Protein chains: 2
Amino acid sequence: MKSITIADVAKQSNVSKSTVSQYLNQRYQYMGEETKLRIENAIEELGYRPNIVARSLKQKSTTTIGVIVANILHAFSTQVIRAIEDVCHEHDFHTIVCNADDDPEKEKNYIEMLHAKQVDGLIIFPTGGNTALFKRMKKSQYPLVIMDRLLEDLAFPAVILDNEAAASLAVDHFVDRGYRSIGIMTTSITRNITPRVDRIKGYKKALEKHGIPVKDDYIRSLDLQHFEAALEEMLSLQAPPRALLAGNDLALMEILKFIKKKSLRIPEDVALIGIDDVSFASFYNPALTAVSQPAFKMGEKAAELLMKKIQDENGAIDEEVHRFEPELIERDSC
Amino acid sequence: MKSITIADVAKQSNVSKSTVSQYLNQRYQYMGEETKLRIENAIEELGYRPNIVARSLKQKSTTTIGVIVANILHAFSTQVIRAIEDVCHEHDFHTIVCNADDDPEKEKNYIEMLHAKQVDGLIIFPTGGNTALFKRMKKSQYPLVIMDRLLEDLAFPAVILDNEAAASLAVDHFVDRGYRSIGIMTTSITRNITPRVDRIKGYKKALEKHGIPVKDDYIRSLDLQHFEAALEEMLSLQAPPRALLAGNDLALMEILKFIKKKSLRIPEDVALIGIDDVSFASFYNPALTAVSQPAFKMGEKAAELLMKKIQDENGAIDEEVHRFEPELIERDSC
DNA sequence: GTGAAAGCGCTAACAT
DNA sequence: ATGTTAGCGCTTTCAC
């Protein structure tokens with residue numbers, strides 16, 4: 001499978017390689033109309049396609065960015081990815097998506113491989129490890145924007161949800177509806193995943209604001225496979241919570257499974273609000289009240305920040321964190 | 001951002017570029033133990049990472065494959081993708097995923113860009129257009145495996161579901177449960193999307209097998225945005241179907257929305273079976289009976305076929321279609 | 001055991 | 001207006 005090169009086109013059309021190159025890069029300022037046509041035909045006849053690898057080597061740009069998500073299973077990740085792809089597409093950039101699977105080791109491998117592949121920049125949903133690596137990237141000025149989670153001590157441009165507000169919104173709504181014993185269940189916070197920590201923080205603050213005492217028994221943060229046991233435990237407390245806040249979509253689904261298994265009624269037995277709007281929220285029985293993140297806007301913002309950083313050579317370095325507001329979607333589960 | 005090259009490492013360790021290259025490619029057969037160490041240190045000190053773009057240019061292989069799915073919104077697509085990624089990872093290949101969004105034009109662009117990017121092979125869920133392009137690829141021997149849908153007249157290795165069997169399974173189950181007026185709703189079959197066509201075919205055959213007359217009023221194939229109207233129509237027939245088969249996950253969700261909106265009961269008012277097992281099937285109220293595809297196995301198979309095709313230079317060319325068996329998961333919606 | 005040199009396909013001065 | 005030339009960073013004979 002020997003490929004057709006620019007040299008073949010040049011020969012076929014009786015011009016030099018450089019002229020063909022000019023043509024390919026639409027620099028036909030002073031190019032003879034006839035030459036242009038000859039080249040056009042040659043390309044057509046030969047079915048020639050430029051080799052992007054060679055071009056990238058020369059130009060030191062692959063017009064490709066990488067995005068590494070901590071966990072692709074979150075609907076939020078996929079929504080953000082689609083927005084990023086859209087923006088990149090507008091800028092004629094390609095996108096390579098990798099899933100770190102919540103594993104800092106995998107994250108590290110992907111960062112290194114994308115770097116080796118010479119992607120022009122990275123959008124990362126950090127897993128929470130790899131501090132040293134990030135420090136190095138910071139120093140090397142590698143175009144990087146952080147999404148969803150914050151990296152302590154490291155000032156990269158970042159796009160995140162106002163996670164405290166998200167939890168607050170939910171608690172406020174529970175209280176509005178007359179609930180005062182409210183639990184929160186979220187996935188594990190070993191490695192200090194900031195959104196989860198912040199959501200718990202927001203939950204506590206909101207409770208205090210309403211003069212409701214915070215009970216540690218009502219707060220659980222653990223791996224999905226331990227949800228059932230934890231739920232069992234929490235709901236068999238002498239005074240069990242009457243309302244449950246799911247810290248994210250995966251947590252919500254575990255809770256729903258449990259509720260189904262135990263034939264509990266929503267909201268009579270437990271009221272429910274989930275952070276993240278799941279695909280089936282509107283037509284679940286009952287319809288699920290949710291706090292939704294503006295995933296699309298967030299993805300757009302992250303991509304725009306990165307594009308700017310890549311194009312501005314070493315222009316104004318934006319290290320701000322861009323915080324987006326969540327929104328409560330009222331339905332029937334609370 | 002000038003990058004560190006092999007030359008820098010060579011200088012730093014007082015050897016030539018080629019020796020460093022040997023080292024990088026683990027060809028230290030005759031390499032001095034000491035040289036090895038010096039290189040190792042130099043690489044460490046400089047933080048050198050090989051430039052994959054340059055390597056690819058020379059080696060004419062990017063150890064990357066592309067996968068183009070017709071529509072990423074189908075859960076099936078994402079499951080298959082994950083399996084493909086796993087297999088590729090084992091073979092030290094990377095994967096670039098593109099979403100054609102059911103648009104043959106986009107499909108074409110992606111094929112061309114992936115080709116230009118010199119990916120070593122392609123797995124495609126065809127949108128149904130681009131016959132000429134595929135014919136050309138066939139001729140050029142480009143490593144390609146087809147997934148999910150068949151391409152008429154074109155013999156590529158393919159991995160698909162036994163779609164007729166899938167519909168049959170559902171109809172059989174309906175009949176078992178005493179239903180004899182059964183409708184089917186699926187997304188549009190303009191462009192002759194083979195799975196949809198075959199599912200309808202399987203549905204009809206199964207009906208005939210059971211001696212139930214096929215009614216055209218009970219068969220609808222259209223875009224998602226027209227589902228509501230079509231459902232309205234079908235269920236207001238003088239003799240409406242009492243059971244509904246959803247042709248895929250997206251169709252199922254539309255049906256569920258409609259049912260919710262009209263406050264219909266499942267299965268009392270309509271029984272329901274969906275082809276594709278959705279994430280929430282097990283904990284929906286009621287739990288959803290489904291015909292599931294072995295998505296993971298199918299993805300694995302496709303990836304393995306492609307890897308073989310890529311590695312076997314021009315070895316045995318497998319043009320078989322590999323057909324997988326669906327499985328009925330019995331729950332409460334029928 | 002290690003090095004020199006050519007070349008992968010393309011671009012970009014610089015000539016002409 | 002078009003051609004010549006020198007690399008981009010790496011791999012790979014072939015010498016030494």
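How far apart do the C-alpha centres of domain 1 of chain A and domain 3 of chain A lie? In this predicted model, the two centres are 64 Å apart. Chain A is divided into domain 1 (6-50), domain 2 (62-161 + 296-325) and domain 3 (163-292). These bounds come from an automatic or database domain assignment.

The model is predicted, so local features need pLDDT of at least 70 and side-chain atom pairs count only at pLDDT 80 or more, while totals for chains, interfaces and linings use all residues. Residues are numbered from 1 along each chain as its sequence is written, chains are lettered from A and ligands numbered from 1 in the order in which they are written, and side-chain values use heavy atoms, with hydrogens and water left out.

The two chains were compared next. The same surface serves both: 100% of the contact residues of chain B recur in chain A. Contact means heavy atoms within 4.5 Å.

The contact takes 40 residues from chain B and 40 residues from chain A. About 3600 Å² is buried between the chains, and carbon and sulfur atoms give 62% of this area. Buried area is the accessible area (1.4 Å probe) that two parts lose on being put together, summed over both. B:Val53, B:Lys260 and B:Phe283 supply 18% of the area that chain B buries against chain A, more than any other three residues.

A salt bridge is a side-chain nitrogen of Lys or Arg within 4 Å of a carboxyl oxygen of Asp or Glu. The whole structure holds 30 salt bridges over all chains. In chain A, Glu233 pairs in this way with A:Arg220, with the closest N and O atoms 3.2 Å apart. A:Glu233 lies in helix H10 (residues 227-235) and A:Arg220 in strand E7 (residues 219-221), so the pair ties together parts that are 13 residues apart in sequence. Helices (H or I, at least four residues) and strands (E, at least two) are DSSP runs, numbered from the N terminus.

Strands E1 (residues 64-69) and E2 (residues 94-99) of chain A run parallel and are joined by six bridges. Strands pair if DSSP finds at least two bridges between them. The chain passes from E1(A) to E2(A) through helix H5 (residues 75-90), and this β-α-β crossover is right-handed. That is, with the strands pointing away from the viewer, the path from the first strand over the helix to the second runs clockwise. A:Ile65 stands opposite A:Thr95 in E2(A).

Backbone geometry was also examined. Most residues other than glycine have a negative phi, and most peptide bonds are trans. The bond from A:Ile266 to A:Pro267 is cis, with omega near 0°. A:Pro267 lies in the loop between helix H11 (249-261) and strand E9 (271-275) of chain A. The bond from A:Asn285 to A:Pro286 is also cis, with omega near -5°. A:Asn130 is not a glycine, yet has a positive phi of about 60°.
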